Amino acid sequence: MATIYHIAERLGISPSTVSRALSGRGYCKEETRRRILQVASELDYAPDQSAKMLKTRVSNKVLFAVPDICNPFYFDMIQGINGVIEQYGYLLILLDTKNRLEEEQRAIQTLREKYADGMIMVSFHFCEENIAAINRLDAPVVLTNKYESASGNDRFRYVYVDTYQGIKDTVGHFASQGLRRIAYVGGRLREQTGQERYQGYRDGMEEAGLSLEDDWVREGDYTEQGGYSAGLSLLSGSRLPEAVVCANDLMAYGFLSACEEKGVRVPDDLLISGMDNLSLSSRIHPKLTSVSLQAEEIGRMAAQMLVQRMHGETQPIDNVKLLPELIVRESSLKQPIGRL
């Protein structure tokens, strides 16, 4: 691979002159710069980024750690993030932590080892272990869940959507139609995200004056297969629920597949909703009611926070809470929209 020394030898000039011409820093005659660039192109020269990092301690890379690389929800977040960081010359590196603490710790260690200048991190379960590791970092981190340590000395920032309220609003939407048997399919209750969304379901049921039944609750993993398995389980019971609140769209898609297999018609026999408002939700049949979590806006605001911190801005940066929006479609209505 060609280096600045090969270019210097070809032209009979010093390596420092080549370096100034290629970096754009320092004085270099325009004719000399033109010749250097021409030879660099002929030799297929590419700068040694690792050497640059050792010298400047800047990688011009940002890590984006997600718990499920196959979930299309994160595609919109990527668009929001890239729209910001590209303006500053940063490259986005995507990491799949597979919803495993050890993989999240590995992502944090990757940032500690200076492979990137900052990180945006999504996790279903921010806990003492990963938060403590994040707080030990010198590099900036932005979370997409709310988390506040008891000490109050957190070094990260966060931007999040109130998913608790989104689930609670969905339960209220079903209850307003006179439904009483409202089931719930969510994430693992021992995890932060799973517990927050389940609490929205519990409080929504209580506010509507409806009784909670353990038999109406299923834990999943936010995947389509998880929703399908939960659907088969719920639909095999002695009583069919009137409505099902799913904690994300992928699980709702899986639940719809279970309904089809069991001969349960949506919305005639059962109503259903999701959360994330993926683009597919407005195209499937029946069109899926879902809670919009503003994925692109989360990504955009998280990236803005991160860039501010990477550039050393001293102004205080406030954490951000975004509000969910229930997008009502035919899957959650007892009557077609046109008849309301």
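Modeller: Gladly! Let's begin with a cut-off: a residue counts as buried when its relative accessible area is under 20%. Keep in mind that this is a predicted model.

Biologist: How many residues of β5 are buried?

Modeller: Four of the five residues of β5 are buried, so this strand is largely enclosed by the rest of the structure.

Biologist: Which strands pair with β5?

Modeller: Strand β4 (residues 141–143) pairs with β5 in the parallel sense over two bridges, and leucine 143 sits opposite tyrosine 158 of β5. Strand β11 (residues 320–322) also runs parallel to β5, joined by three bridges. There, tyrosine 160 stands opposite lysine 321.

Biologist: What should I look for in the side chains of a strand?

Modeller: In a regular strand, side chains alternate between the two faces of the sheet. Take β10 (residues 289–292): Thr289 and Val291 point one way, Ser290 and Ser292 the other way, and all are buried.

Biologist: And which strands pair with β10?

Modeller: β9 (residues 271–276) pairs with β10 in the parallel sense, over four bridges. Aspartate 276 has serine 292 of β10 as its bridge partner. Strand β12 (residues 325–327) is joined to β10 by three bridges and runs antiparallel, with valine 291 opposite leucine 326.

Biologist: Let's turn to helices. How do I read one?

Modeller: An α-helix has 3.6 residues a turn, so residues three or four places apart point the same way. Helix α8 (residues 163–175) has 13 residues and reaches 18 Å from its first C-alpha to its last, close to the 18 Å expected. Its buried residues include Thr163, Gly166, Ile167, Thr170, Val171 and Phe174.

Biologist: Which residue caps the N-terminal end of α8?

Modeller: Aspartate 162 does, with a side-chain oxygen 3.4 Å from the backbone nitrogen of tyrosine 164.

Biologist: Finally, how do you find pockets?

Modeller: Rolling a probe the size of a water molecule over the atoms shows where empty space is left. The second largest pocket here holds about 370 Å³ of space. It is lined by 23 residues, and the closest to its centre are Thr144, Asn145, Thr163, Thr193 and Arg197.

Biologist: Which elements supply its lining, and what classes of residue are there?

Modeller: α5 (73–85), β5 (157–161), α8 and α9 (192–207) each supply at least two lining residues. By class, the lining of this second largest pocket has eleven nonpolar, seven polar and five charged residues.

Conventions. Residues are numbered from 1 along each chain as its sequence is written. This is a predicted model: local features need pLDDT of at least 70, side-chain atom pairs count only at pLDDT 80 or more; totals for chains, interfaces and linings use all residues. Side-chain values use heavy atoms; hydrogens and water are left out. The expected span of a helix is 1.5 Å times one less than its number of residues. Buried means under 20% relative accessible area, exposed over 50%, partly exposed in between (1.4 Å probe, protein chains only). A polar contact is a pair of N or O atoms within 3.5 Å; within protein, one must be able to donate a hydrogen and the other to accept it, and residues adjacent in sequence count only if both atoms are side-chain atoms. On a 1 Å grid over the protein atoms alone, a cavity is a set of points where a 1.4 Å probe fits but cannot get out, and a pocket is an open set with protein on both sides within 12 Å along at least five of seven lines; lining residues have an atom within 4 Å of a point. Grid points are joined across faces, edges and corners, and a volume is the space filled by probe spheres set on the points. Ala, Val, Leu, Ile, Met, Phe, Trp, Tyr, Cys and Pro count as nonpolar, Asp, Glu, Lys and Arg as charged, and the others, Gly among them, as polar. Two strands pair if DSSP finds at least two bridges between them.
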